[in-house]
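Thanks for asking me to look this one over with you.

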Amino acid sequence: IWVDVLLPPGTPAGVYRGSARVRAGGRTASRPVEVRSYGFDIPEKPSVETDFWFSVYQWNNFYKPLSYTPELHAKHAEIIGRHRVSSIPNDWITLCRQVPIFVEPDGRFTFDWAPLDAYIRNGLKNGSTAFWSALSCNSGWTAWMNNPGVQITERATGKKVPLGAYIKGKSQYENPAYRDFLVAYTRHLKDLGIAKNSYYELFDEPNDNSRWLAMIEHHTFFKKVVPDLQLLCFGIDPTQVKAGKS
C-alpha cells in the first residue's frame, strides 16, 4: 500500500513525525512516518512547459468497454496534477469523435468544441502547461479530417452523412473540411488563451528522406493556411543531411 503524505504550503522547516495505520480483518499494521520540511513551497504550476502524452484510449483497452468522459478525466487530472505532470489528453482515437462536425447550408464546416474544451480546462485547472494540439504524433486531427468514414451532420436537415460525400476525389490539401478545421481550430486555441502553448505535431522523427520531404510540404501548407498554428517535430538531428540538403 502506497501512502501519500501532504506537506501543506507554508509548513515551517522541521521534522514531522507520526504513523500510518491500516486495519483489516481484525488486525492492525502500523508504520512510523517521518517527513522533513525545508521551509519552502514548490509552485503549484511548473514553470517549464511539459507534455507527457496522456493517452486515454489505453483505459478503453483495459476496461472494455469504457466510455471516457470529461467527468472521469477530471478525477485523473486532479491526481496527475498533484505531481505537476501535464494531464490534457493527447488521444485522437478517443477525443476527435467527441467533437461534433457540421456542414452549413453555404458549404462551410463548423465544429462544436465544447466536449474538447472540457478536457482542456480539466488539465489547465490542474497545472498543465502545454497542449499537444494534434492529439497525436503522426496522424491525429489531420487523419480524422481526411477520413471519408467520419460522420458529420448536415445543419439544414440534421441528417448524418459520411465526410467522404464532401471530400471525394480531393487531396488533403484540397479538402475543404480540413482547411475549415485548421482555421477554426487555430482561432479557437487563441480564444482559449493557449495558442502559444499549443503544439501541432504531424511528423514524429521523420528521419528518412520521403517523410522529411512530406513534412516540409505539409508544414508549408500549414504556414499558408494557418500561419499562427504552432508546429512541433520531435527527433530531428540538425547535423544530418536530408534529401540532399544539410
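Here are my notes, as numbered points on the backbone, a pocket and some helix packing.

1. Before anything else, keep in mind that this is a predicted model. Every value below is computed, so treat each one as a description of that model.

2. Let's start with the backbone. Most residues other than glycine have a negative phi. To find tryptophan 53, look in the loop that runs between strand S2 (27–37) and helix H1 (57–62).

3. Is tryptophan 53 buried or exposed, or something in between? Buried would need under 20% relative accessible area and exposed over 50%. Tryptophan 53 has 37% relative accessibility, so it counts as partly exposed.

4. Glutamate 205 also deserves a click. Here too phi is positive, at about 55°, and glutamate 205 is not a glycine either. You'll find glutamate 205 in the loop between strand S7 (200–201) and helix H8 (209–225). Its relative accessible area is 45%, so glutamate 205 is partly exposed.

5. Now for the largest pocket, which holds about 820 Å³ of space. Which residues sit closest to its centre? They are Leu6, Leu7, Ile42, Arg82 and Arg84, out of 24 residues that line the pocket.

6. What is the lining of the largest pocket made of, by class? There are nine nonpolar, seven polar and eight charged residues in it. As for where the lining comes from, strand S2 and helix H2 (70–82) each contribute at least two residues.

7. On to the helices. Two packed helices are described by the angle between their axes and the distance between the axes. Take helix H4 (residues 114–125) and helix H7 (residues 176–192): their axes come within 12 Å and cross at roughly 40°. That angle is why H4 is called oblique to H7. The crossing of H4 past H7 is right-handed.

8. H4 also packs with H2. How far apart are the axes of H2 and H4, and at what angle do the helices pack? The axes are 9 Å apart, and the angle is about 15°. Angles under 35 degrees count as roughly parallel, so H2 is roughly parallel to H4. H2 passes H4 in a right-handed crossing.

9. H2 supplies at least two residues of the lining of the largest pocket, and H2 packs with H4.

Terms used:
Residues are numbered from 1 along each chain as its sequence is written. This is a predicted model: local features need pLDDT of at least 70, side-chain atom pairs count only at pLDDT 80 or more; totals for chains, interfaces and linings use all residues. Side-chain values use heavy atoms; hydrogens and water are left out. Helices (H or I, at least four residues) and strands (E, at least two) are DSSP runs, numbered from the N terminus. Buried means under 20% relative accessible area, exposed over 50%, partly exposed in between (1.4 Å probe, protein chains only). On a 1 Å grid over the protein atoms alone, a cavity is a set of points where a 1.4 Å probe fits but cannot get out, and a pocket is an open set with protein on both sides within 12 Å along at least five of seven lines; lining residues have an atom within 4 Å of a point. Grid points are joined across faces, edges and corners, and a volume is the space filled by probe spheres set on the points. Ala, Val, Leu, Ile, Met, Phe, Trp, Tyr, Cys and Pro count as nonpolar, Asp, Glu, Lys and Arg as charged, and the others, Gly among them, as polar. Axes are lines fitted to C-alpha atoms, for helices over the stretch in contact, and angles run from 0 to 180 degrees between N-to-C directions. Angles under 35 degrees count as roughly parallel, over 145 as roughly antiparallel, 65 to 115 as roughly perpendicular and the rest as oblique. A crossing is left-handed if the near helix is turned anticlockwise from the far one by less than a right angle, and right-handed if clockwise.
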